[in-house]
Amino acid sequence: MADTQDRFLQTGVTARAGSPAVSAAFATTTTLIGLYLAIGAVLLAFADHAGPELPGFNALFSGGVFVIEGVTCFLLMVVYRRQPRRSVLLLVAAYLFSALMSLGYLLAYPGAIAPGRPLMGTPQSIAWIYNSWIVGFASLTFAAVLLEVLYGARRAPDRKARRLAVIVPTMAAVAAVLFITVATVAGDQLPLLATGGAWTSLNAIVNSTAAILLAGGVVLIL
């Protein structure tokens, strides 16, 4: 009887020792999400109040985004060369797209480069560039998470991986240039996203779409 109890206890300890533990990446991700939610909840009380004037902020913001997103794109490309997974390549495209769109944002934002006016484009250009930026980035990152769920650790064939490494980032760069060009050249002919100092319902739909895609990606990750 005592031997049976000992074997039972040893089996329970072994089962507990072999049970999957929470990974460090999962714990870090959930911690960051909780931190962002807490900060967002605190800032909601001040969200309807205009902040102080910060000359040069948008130039610093877009320049910083360009550097950070560009470095992230490069590091992800290094990861893709070692592990040619389709999801990683889509993240490369997402961060390359974001880096290029930040340049368009810099050129079209009033006062970012030329005092009191945008360097190029119309008053509607910045709204279209910004909305295309967030929706494009959200769509590519959501697609990357979805591919990771579907394919997992499956690698692309070597020859196909090399072709994709050229085609996918090129398509992302072309899309960014196309969005910026259309927004700056034909900004006044596009549907209004901002009028009278307020956002339109179309802008709310576009922003909501980006938020839903980003939230959907987080849900799939968790």
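**Helices and rings, term by term**

From the N terminus on, the elements run α-α-α-α-α-α-β-β-α, where helices (H or I, at least four residues) and strands (E, at least two) are DSSP runs numbered from the N terminus. This is a predicted model, in which local features need pLDDT of at least 70, side-chain atom pairs count only at pLDDT 80 or more, and totals for chains, interfaces and linings use all residues. Residues are numbered from 1 along each chain as its sequence is written, and side-chain values use heavy atoms, without hydrogens and water.

Trainee: Why is α4 called roughly antiparallel to α5?

Mentor: The axes of helix α4 (residues 86–108) and helix α5 (residues 125–151) cross at roughly 175°. Angles over 145 degrees count as roughly antiparallel, so α4 is roughly antiparallel to α5.

Trainee: What makes the pair of F61 and Y105 edge-to-face?

Mentor: Rings of Phe, Tyr and Trp (its six-membered ring) pair if their centres lie within 6.5 Å, and planes over 60 degrees apart count as edge-to-face. Here the values are 5.7 Å centre to centre and 75° between the planes. The pair links F61 in helix α3 (residues 57–82) to Y105 in helix α4, 44 residues apart.

Trainee: Why does Y105 count as buried?

Mentor: Buried means under 20% relative accessible area, exposed over 50%, partly exposed in between (1.4 Å probe, protein chains only). Y105 has 8% relative accessibility, so Y105 counts as buried. F61, at 31%, counts as partly exposed.

Trainee: And why are F97 and F179 called edge-to-face?

Mentor: Their centres are 6.1 Å apart and their planes at 85°, so the pair is edge-to-face.

Definitions and conventions:
Axes are lines fitted to C-alpha atoms, for helices over the stretch in contact, and angles run from 0 to 180 degrees between N-to-C directions. Angles under 35 degrees count as roughly parallel, over 145 as roughly antiparallel, 65 to 115 as roughly perpendicular and the rest as oblique. Rings of Phe, Tyr and Trp (its six-membered ring) pair if their centres lie within 6.5 Å; planes under 30 degrees apart count as stacked, over 60 as edge-to-face and the rest as tilted.
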